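User: I have a model open and would like to go through it with you. Can we take it piece by piece?

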Amino acid sequence: METVPVLPSYAAAGMPWSFSKAGVAAQCALQYDFKYGAARKTYTEDKSTFTESRIGSAVHKALELALNGVSIAKAFQVAIESAELAHDEAETTLSFVDNVTAFVKRTAAFRAKYGIKPLDVFLEYRIGMSTDFKSIPFFDNSGLFRGVLDLVMLTPYGDAVVIDHKSGKQKEMSEYEAQCRAYCILILARHPQITGVKTGVSFLLTGDLQWNPRVSAETIRAEYHPWLLKFLTESSAGLQLPPTQNKTRLCGWCGYKALCPEFQLPK
Ligand code: SF4
């Protein structure tokens with residue numbers, strides 16, 4: 001039986017998608033080509049100037065270790081050493097200690113209050129999903145979408161709680177709506193028995209934790225599934241033409257500037 005394509009061919013060519021990959025496609029087709037296109041192995045992304053990104057990764061690592069029961073001091077030491085941070089980067093990373101400590105305590109209190117068992121807590125949870133919204137191995141390249149969820153807790157009352165950590169500047173929750181929707185879809189694919197999902201964003205710079213309203217499994221299936229297909233189709237619309245650059249303020253975070261015609265010095 002012939003299968004019905006869920007995405008137009010230009011969008012299907014980018015599978016498996018992730019939230020960040022779709023973001024690159026929507027932002028700049030040339031950057032997408034350097035990073036994910038056929039010749040990607042030819043190009044090397046220059047991350048040497050991405051101090052914020054290195055600090056963010058180290059803070060994420062320290063938090064993951066601390067949530068796993070490692071002491072805060074040891075968690076930061078391991079995270080800083082494994083990231084090989086420069087002295088000032090390590091200092092900035094250590095400025096997150098108080099908020100990471102508070103988040104770990106808050107999570108422990110939440111787990112105690114709702115009786116969440118250790119086996120129902122998942123850190124850096126890798127989930128792959130097929131075109132029919134079923135769970136598949138994360139590295140299965142035939143999938144539609146995949147993602148790594150920072151913290152997931154399955155509650156005894158049948159819901160999933162999904163928290164994403166942000167180490168950068170705090171923005172309005174509307175900025176994270178698409179990512180939170182995508183995470184609802186992924187966790188339902190992996191745990192189809194859950195009755196609903198509550199997503200939250202933990203801002204490690206300010207210590208603030210913001211929640212979205214709970215979404216039922218029915219709503220995720222009926223509304224979020226078609227939304228994801230539309231989101232991926234729209235995000236990849238620029239890939240229908242030969243890759244061209246799109247200069248925006250986001251070029252500051254592009255690791256391919258040295259290759260980009262927008263940033264070539266005049267000869
Ligand atoms: S520097 Fe800007 S315009 Fe050039 S490839 Fe990167 S994102 Fe695109």
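User: Where is E84 placed?
Analyst: E84 is in the loop between α5 and α6 (87-94). Helices here are DSSP runs of H or I with at least four residues, strands are runs of E with at least two, and both are numbered from the N terminus. Residues are numbered from 1 along each chain as its sequence is written. This is a predicted model, in which local features need pLDDT of at least 70, side-chain atom pairs count only at pLDDT 80 or more, and totals for chains, interfaces and linings use all residues.

User: And what is the phi of E84?
Analyst: Positive, about 50 degrees, although E84 is not a glycine. Most residues other than glycine have a negative phi, and most peptide bonds are trans.

User: Which residues does a cis peptide bond join?
Analyst: M15 and P16, with omega about -5 degrees. P16 sits in the loop between α1 (9-12) and α2 (19-27).

User: Back to α5. How do the axes of α4 and α5 cross?
Analyst: At roughly 145 degrees, with the axes of α4 (residues 51-67) and α5 (residues 72-83) coming within 8 Å. Axes are lines fitted to C-alpha atoms, for helices over the stretch in contact, and angles run from 0 to 180 degrees between N-to-C directions.

User: Which residues in α4 meet α5?
Analyst: R54, S57, A58, K61, A62, L65 and A66 do, and their counterparts in α5 include I72, F76 and A83. Contact means C-beta atoms, placed from the backbone, within 7 Å. Ala, Val, Leu, Ile, Met, Phe, Trp, Tyr, Cys and Pro count as nonpolar, Asp, Glu, Lys and Arg as charged, and the others, Gly among them, as polar.

User: Now the ligand. How many residues surround it, and which are the closest?
Analyst: 13 residues surround the ligand, and the closest are C28, Q245, C251, C254 and C260. A residue counts as near if its C-beta atom, placed from the backbone, lies within 6 Å. The shell has seven nonpolar, three polar and three charged residues.

User: Strands next. How many bridges join β1 to β3?
Analyst: Eight, between β1 (residues 121-129) and β3 (residues 145-154), which run antiparallel. Strands pair if DSSP finds at least two bridges between them. L123 stands opposite L151 in β3.

User: What about β1 and β2?
Analyst: β1 pairs with β2 (residues 135-136) in the antiparallel sense over two bridges, and M129 has S135 as its bridge partner in β2. Their hairpin has five residues between the strands, and F133 takes a positive phi near 65 degrees there.

User: And β5 with β6?
Analyst: Four bridges join β5 (residues 196-203) to β6 (residues 208-211), again antiparallel. V201 stands opposite Q210 in β6. In the hairpin, G207 takes a positive phi near 85 degrees.

User: Last one: how many helices and strands does the chain have?
Analyst: Nine helices and seven strands.

How values were computed: Two residues are in contact if their C-beta atoms, placed from the backbone, lie within 7 Å.
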